[in-house]
Amino acid sequence: MPATDERGRTHPEPAQPAPTRLETELSTEQAHLETSRLALRRMRERAQSLFATGDKVAGDAYTAEQLGRHLARRVAELADDPATALFFGRLDFGPTDPEHAGRGYHVGRRHVTDERGEPLVLDWRAPVSRAFYRASARDPQGIAVRRRFGFSAGALTSFEDEHLDRGEELGTASRILTAEIERPRVGPMRDIVATIQPEQDELVRADLADSICVQGAPGTGKTAVGLHRAAYLLYLHRERLRRAGVLIVGPNRAFLSYIAAVLPALGEVEVAQATVEDLVARVPVRAVDDPAVAALKHDPRMAGVLRRAADALITAPTEPIMVSDGSFRWRIGLDPLHRVIEETRREGLPYDTGRERVRARVVGLLQRQAEARRAESPGDAWLRRMGKARPVTAFLDAAWPALTPEGLVHSVLGDPDVLATAADGLLTDGEQALLRGTKLGRTPKATRWTAADTVLIDEAAGLIERTTGFGHVVVDEAQDLSPMQCRAIARRSEHGSITLLGDLAQGTAPWAATDWRESLAHLGKPDAVVVPLSVGFRVPAVVVAFANRLLPALAVDVPPAVSLRHDGALDVRAVADLAAATVAEVRAALGHDGSVGVIAADDAVDGLRAALAAAGVPTATADDVAASARVTVVPATLVKGLEYDHVVVVEPAAIVAAEQRGLHRLYVALTRAVSGLSVLHTAPLPGPLAEPPAA
Ligand SMILES: Nc1ncnc2c1ncn2[C@@H]1O[C@H](COP(=O)(O)OP(=O)(O)OP(=O)(O)O)[C@@H](O)[C@H]1O
């Protein structure tokens, strides 16, 4: 409005440069963000007030509890983290789209609607949002303009448009994608919803019915894809998957805590996470196997041995059953008992179910006799009494004895006769001798089980009873699963699907996979497709080139990664004093933003931690993602799946020497860096790294 002076004369406003079109658009978008945040807050407040009064409106305690849980979940889902962008993109449809012509949608982490129910932000998983990830200049999918927003500390600061209708497409040249990839890393893993790439999106949005296996070099986004697929499937099949459950399997606790925040940030708060060891932890692990024995216990032939041992317990009846019942005496002869056992055996039920089926059939035979003699049908109480009658149980105990998983494994490992029969033709004499050398307690209870035993016990449990499964299982770092561990996961996904993620080059377990088809067969999903990912989002090109020098020595057939990052630094240096050089290197790295990871052979970790502490540099451990210390000292055996902005790998030769697949371990260690990698050594570098790179 023009200003008026004391004499009543009007003056034009002091000249302000008119806002540019870009500035106006930016402020419109900022206003939309503000409106959306307020709307989300309203949605959350409504959910909270429903939660507060939910128990008063529900009819009964059960409904109240269900409702309470639902509402609590809803409140958690609607949490707004001011540090993350509520929306990150916008789609403007062109005039010819049959459904959305001329409309624009903001795409973000969850649906936000205004008070009239009109969408302010669309969930990234909604069908319309798909075009945000997949549309291209060649196949615009109805989109005229795709806009990406840039944020700084939760504030919307920029945007970038692609006029797909004019054939413009940025692809990986997007500034906003580049900034996201090059952002210095700190703390736990973050979601990538804003920048999921088309080849990743195809995997994320694969059908629930499809099991898939992703082979990807380090940093190609396998973990990210697996987590986002879990979130996507939960969105699309909410009820079904909530009932059946979704499980994420990772290599160790440090890794699980590193990824734990991703799904909650996407509004998914009910996903189970476990290591394979957790899954099979029916007994505590209190002993260690000799490596050769452990390897044998993880061999899939052990499944056959256990099955045979369980089958061998089922034997032909030797005596008829006689039961006194008041003034009556019932008798079942050998022939019908034979038939019951054989018929039930042929049904191939879990052992326990079979035993109960035999019991029910025997009671059925008694019932028929009773009906014939008494001309009336006995009631439930009678049936129960007959089922528990001593002669019936005695027959069962002889022909189909009760069995526990620990008991079965104990007898296979501890009773040479049982082993000889069960392993005949499956294991060599030498292998049987290895197993006979296993130290066991006198009873299963008194036995100090090993980690490999727990896998056998789980296999035995799978023979005896049905395992409860999940609707979908995501398995990360799957190259390290043994065949027997694959079978443990197969039992938990028999009626569901799996996403298998891994890199054969990073296999460090003695039984590491060399061919995904074999793992998939053991997982019960032989027909799953194997899809490669080859664009690396973590490791800078110079570092990839250095690590790739190890590939020929790793004896695996995998496509090498191509890095999207052409920045980044590599510094390989012979030093005189490892501890002093590490301290200096860490100090220098602390001069820049981001986390610092020091990776060393396991037995060198304590010494390095002490050296850093003595120099006044506090350090965290790998499983402490919330630590305030920026420096983490990680044993090489725990670093799989993790990443740090700057990585210092200390004495590669020691990492290689520490284990059988030490070169694979070193490959893992060398591929953890986001911005820079320093390699410090006193001993010569291991084989392929010592040679000059091939031209
Ligand atoms: N589309 C993307 N946009 C931005 N960042 C991405 C994208 N995909 C992956 N990243 C980032 O790249 C890094 C590596 O991703 P991730 O850990 O999922 O890779 P990975 O294949 O599982 O690696 P590894 O084999 O080493 O376990 C992470 O920081 C992740 O956030």
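Predicted model: local features only at pLDDT ≥ 70, side-chain atom pairs only at ≥ 80, totals over all residues.
The domain assignment divides the protein chain into domain 1 (21-183), domain 2 (212-283 + 472-536), domain 3 (315-399) and domain 4 (541-689). Taken over C-alpha atoms, the centres of domain 2 and domain 3 are separated by 45 Å.

The ligand is surrounded by 21 residues, and the closest of these are Thr195, Gly221, Lys222, Thr223 and Phe537. When the residues of the shell around the ligand are sorted by class, six are nonpolar, ten are polar and five are charged. Two helices, α4 (175-182) and α6 (222-236), each contribute at least two residues to this shell, and it is α6 that gives the most, with three residues.

A pair of helices was examined next. Helix α13 (residues 334-346) packs against helix α14 (residues 351-374) at an angle of about 145°, and the axes of the two helices are 10 Å apart; the crossing of α13 and α14 is right-handed. On the side of α13 the contact is made by Pro336, Val340, Ile341 and Thr344, while α14 brings Gly354, Arg357, Val358, Arg361, Val362 and Leu365 to meet them. Sorted by class, the residues of this contact between α13 and α14 comprise six nonpolar, two polar and two charged.

The last element considered is a sheet. In general, the strands of a sheet pair through backbone hydrogen bonds, and this pairing may be either parallel or antiparallel. The sheet described here is open, consists of six strands in the order β19-β24-β23-β20-β22-β21, and shows parallel pairing. At its edges stand β19 (569-574) and β21 (619-620), each of which pairs on one side only. Within the sheet, strand β20 (residues 596-600) and strand β23 (residues 644-650) run parallel and are joined by five bridges, and Val598 stands opposite Val648 in β23. Helix α25 (residues 605-614) packs on this sheet, where it touches β20, β21, β22 (631-635) and β23, and the direction of α25 makes about 165° with that of β22.

Key:
Residues numbered from 1 in each chain as written. Near = placed C-beta within 6 Å. Helix = DSSP H or I, 4+ residues; strand = E, 2+ residues; numbered from the N terminus. Nonpolar A, V, L, I, M, F, W, Y, C, P; charged D, E, K, R; others polar. Axes fitted to C-alpha atoms, helices over the stretch in contact; angles between N-to-C directions. Left-handed = near helix turned anticlockwise from the far one by under 90°. Contact = placed C-beta atoms within 7 Å. Domains from an automatic or database assignment. Pairing = 2+ DSSP bridges.
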